[in-house]
Amino acid sequence: MADGLENIVKESVLQMAHGVRLKDDEERQCKLLLMPECIVKLNHSASEVLELVDGNRTIEMIYSELAVRYEDDTLHRDLAEFLMDALSRGWIELKQ
Amino acid sequence: MTVSNPYTLTMELTHRCPLRCLYCSNPLELVRADNELLVEEWLSIIDQAAKLSVVQANLTGGEPLAYAGLPRIIERLKKHDIYSNLITSGIGLTEMVVSELISCGLESIQISIQSASSQTAQLIAGRDAQQQKLAALKLVANSKLPLALNVVLHRHNLHEVAEIIDLAHSLGVKRLELANTQYYGFAAANMEHLLPTQQQMSDALVVYETKKNQLQGKMHLSWIIGDYIESSPKPCMGGWASQHMVISVNGTAYPCLAASAIKTLSFPSTKENTLEWIWKESPAFNAFRGFDWMVEPCRTCEFREKDLGGCRCQAFLLAGDAAQADPVCKLSPHHDLVKEKIAAAESNAVISKEQLIYRM
């Protein structure tokens, strides 16, 4: 069982939630998030983040990798918002 | 008009089921076992679906575990990298069956219970199966198979939402779907016994929101909104024949599980047509694509692109014409029919068991 979200820190490791996976859809030329009873068509930035959610990287590591690719003042806030959203939608979870 | 490919294939493997639920989504005329598709026919359907870029499959019934070819079907889905989800009552799930499903490549399983109490569960399912279901849930929660628990909500269990969530949490469930009854098939036949009062619904939602916040990060809860609650219609399945395809027990293809209720359309069969022709060319699948089929008030409505005129099946069932606006919509000329149902639910007394219509 994953921790409650109150325990989230920058050293927390994230993983895809149980039963959720990314699929590269060649025909539709996009990444899809597959899970029970639901499919999410991801935009480019969402798929870039989720590809880094691998059960090894911490939130801090994910941020650093994205910061190399994007020089953007709002990256920190955008990433935090996206990860919290993905956690609350049950796409990803904290690794214990 | 270019038709984009479907994402999801729902396969109704059999209508056989050990339970007799009052809200069963199967059609009132069940397909007999001797008319079920052969496993080879399902494998061909899966191969064709893969070519149509289907990425997800729901295996349902009846009880899909009662269909002997299930393991081969799961293996074939795996071969095409199609995400497989088994929707089961949990009856017949043993440790051996769970291991076999995992080794075939099943990706997730959804088990349903009817209530937190055995007594109510028996009233709804027409059979005492609660202990078997709880045992199946524990078994899967302790396996590697991703598990979702589904509970259909109505006037007999909406007051139990807190107990249901606590029960799910204690069983180790990490996904809980609370789905308000959709009134098609048997649920439509039993509507007066199932439709909750508006007060019941709003009380249950408050409990749900509180629990959802408390359990954030521990269990993922979702709430599927019911019929006859909103005064704006929900877009049917993201649009008629736009994302989903259902293949029924005997090979008949539908855009959704409830569509066999629409008697004015002739639905194509996979025995006579390819999946590609059915999806792209068949008159039934093209009947309500786009906006040209719409009549007033939908035709010129500012919300038509948002709600697509609502549910075609509800329009047929209530207004007698599948092209009408969904009567749930307050702009529909048939909206009084929905208001009558809601008013009746407010005044309904205790139900008498003799009036319930159980599926066989």
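Ile59(A) counts as buried, at 16% relative accessibility, and this residue is found in helix 2 of chain A. Bear in mind that this is a predicted model.

**Ile59(A) and its surroundings**

- Setting aside neighbours within four places in sequence, Ile59(A) is in contact with Ile8(A), Val9(A), Lys10(A), Ser12(A), Leu14(A) and Leu83(A).
- Asn43(A) is 16 residues from Ile59(A) along the chain, and the C-alpha atoms of the two are separated by 20 Å.
- Ile59(A) also takes part in the contact between helix 2 and helix 3 of chain A, which comes next.

**Helix packing in chain A**

- Two packed helices are described by the angle between their axes and the distance between the axes.
- For helix 2 (residues 59–69) of chain A and helix 3 of chain A, the angle is about 135° and the axes are 11 Å apart.
- The crossing of helix 2 and helix 3 of chain A is right-handed.
- On the helix 2 side of chain A, the contact is made by Ile59(A), Ile62(A), Tyr63(A), Leu66(A) and Ala67(A); on the helix 3 side, by Leu75(A), His76(A), Leu79(A) and Leu83(A).
- By type, the residues of this contact between helix 2 and helix 3 of chain A divide into 8 nonpolar, 1 polar and no charged.
- Helix 1 (residues 44–51) of chain A also packs on helix 3 (residues 75–88) of chain A, at an angle of about 75° and with the axes 11 Å apart.
- That angle makes helix 1 of chain A roughly perpendicular to helix 3 of chain A.
- Here Ala46(A), Val49(A) and Leu50(A) of helix 1 of chain A meet Leu79(A), Phe82(A) and Leu83(A) of helix 3 of chain A.
- The residues of the contact of helix 1 with helix 3 of chain A are 6 nonpolar, no polar and no charged.

**Nonpolar cores**

- In soluble globular proteins, nonpolar side chains tend to be buried together.
- The largest nonpolar core here has 85 residues, and Ile73(B) and Leu178(B) touch the most other members.
- Helix 1 (residues 39–51) of chain B gives the largest share of this core, 6 residues.
- Another core, of 25 residues, lies apart from the largest one; among its members are Met16(A), Leu42(A), Ala86(A) and Trp91(A).
- Not counting residues up to four places away in sequence, Leu178(B) touches Val151(B), Leu153(B), Val161(B), Ile164(B), Ile165(B), Tyr208(B), Ser222(B), Trp223(B) and Ile224(B).

**Ala162(B) and Tyr208(B)**

- Ala162(B) has its place in helix 6 (residues 161–170) of chain B and is partly exposed, with a relative accessible area of 27%.
- Between Ala162(B) and Tyr208(B) there are 46 residues of separation in sequence, while their C-alpha atoms are 7.2 Å apart in space.
- Leaving out neighbours within four places in sequence, Ala162(B) is in contact with Val207(B) and Lys211(B).

**Backbone details worth a look in chain B**

- The peptide bond from Gly61(B) to Gly62(B) is cis, with omega near 10°; Gly62(B) lies in the loop between strand 2 (56–60) and helix 2 (70–79) of chain B.
- The peptide bond from Glu296(B) to Pro297(B) is cis too, with omega near 5°, and Pro297(B) lies in the loop between helix 11 (283–286) and helix 12 (304–307) of chain B.
- Ser53(B) is not a glycine, yet has a positive phi of about 70°; this residue sits in the loop between helix 1 and strand 2 of chain B and is buried, with a relative accessible area of 10%.
- Asp81(B), also not a glycine, has a positive phi of about 60°. Asp81(B) lies in the loop between helix 2 and strand 3 (83–88) of chain B and is partly exposed, at 34% relative accessible area.

**A buried loop residue, Gln324(B)**

- Gln324(B) is located in the loop between helix 13 (312–319) and helix 14 (335–347) of chain B.
- With a relative accessible area of 16%, Gln324(B) is buried.
- Apart from neighbours within four places in sequence, Gln324(B) is in contact with Val295(B), Arg312(B), Ala315(B), Ala319(B), Pro333(B) and His334(B).

Notes. Residues numbered from 1 in each chain as written. Chains lettered and ligands numbered in written order. Predicted model: local features only at pLDDT ≥ 70, side-chain atom pairs only at ≥ 80, totals over all residues. Heavy atoms only, no water. Axes fitted to C-alpha atoms, helices over the stretch in contact; angles between N-to-C directions. Helix = DSSP H or I, 4+ residues; strand = E, 2+ residues; numbered from the N terminus. Parallel < 35°, antiparallel > 145°, perpendicular 65-115°, else oblique. Contact = heavy atoms within 4.5 Å. Nonpolar A, V, L, I, M, F, W, Y, C, P; charged D, E, K, R; others polar. Buried < 20%, exposed > 50% of the residue type's maximum accessible area, 1.4 Å probe, protein only. Core = buried A, V, L, I, M, F, W, Y, C linked by side-chain atoms within 4.5 Å. Left-handed = near helix turned anticlockwise from the far one by under 90°.
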